[in-house]
Amino acid sequence: MDDNEMNSNGYIISTNSTPMNFSGLYSTARASPLYLIYYGYCLVNGNYTVNLHFAEILFRDAEPYNRVGRRIFSIYIQGRLVQKDFNIKEAANGTGKAIIRSFNTTVTDNTLEIRLYWTGKGTTCFPSRGYYGAIISAISVCYGLESNCVVEIYGESKKTRNLPVVIGVPLQF
C-alpha cells in the first residue's frame, strides 16, 4: 500500500465515532486503492436483488482536511455497469451516513460477481496515503426481485414479502 503500515489490518478501515442510530455494521469497511471483487458461488439460477451497504467513514466532514476528500468508483454486477462514478458522500448527503444501493440481476451460471472499480477520479494522496478507491461495509443478496427483499437502515425495515437471505457477506472479522 505504501502507507507506512498505517493500517495493519490489511484492507479494513474503521471509525470509532459513530452518530446516533448508526449501526455497527457501518463502522467498519473493506477498502482498496483500486478495486474490490466479490463472488457468490453455488447459487440457484434466477433473479436476485443485490444490496450494497455503504458509509463514508474515512473522509469525515468533522475533520477539516478530510472534508474535501472525494471517493469515486463504479459498480459492476455480472459484468454490467450498474452505477457509474458513485460517490458515497454525495449519495448519502454527507459522511458517516449509511446508504444502501439495490440492484436486480440474473444469475445464469450459478455464480454472482460484484466488482467495485476506482475510476481514477477524486482524492489520491491526502490527508495521508491510503485507501481512496472503493469501500463497502456489507453485501446482502436475496433471491427474487427488489420488492421481495428486506432492507434495514437505521432500524427501519422495508419489507413486502418474507424471503430468506441467500448470501450475507459481513466485512468484519
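Helices here are DSSP runs of H or I with at least four residues, strands are runs of E with at least two, and both are numbered from the N terminus. With that in hand, let's walk through the protein, which is a predicted model where local features need pLDDT of at least 70, side-chain atom pairs count only at pLDDT 80 or more, and totals for chains, interfaces and linings use all residues. Residues are numbered from 1 along each chain as its sequence is written, and side-chain values use heavy atoms, with hydrogens and water left out.

Read along the sequence, the pattern goes β-β-β-β-β-β-α-β-β-β-β-β-β-β. That comes to 1 helix and 13 strands.

Now for how the chain packs. Take contacts (heavy atoms within 4.5 Å) between residues at least 6 apart in sequence: 75% of them join residues at least 24 apart. Of the 173 residues, 46% are buried, where buried means under 20% relative accessible area, exposed means over 50%, and partly exposed lies in between (1.4 Å probe, protein chains only). The accessible surface of the protein is about 9,200 Å², and carbon and sulfur atoms hold 50% of that. Areas like these come from the Shrake-Rupley method with a 1.4 Å probe; for residues, only the protein chains shown count as cover.

Most residues other than glycine have a negative phi. Cys42 isn't a glycine, yet its phi is positive, about 60°. You'll find Cys42 in the loop between β3 (35-40) and β4 (46-54), exposed at a relative accessible area of 75%.

Asn93, also not a glycine, has a positive phi of about 60°. Asn93 sits in the loop between α1 (88-91) and β7 (99-107), and its 62% relative accessibility counts as exposed.
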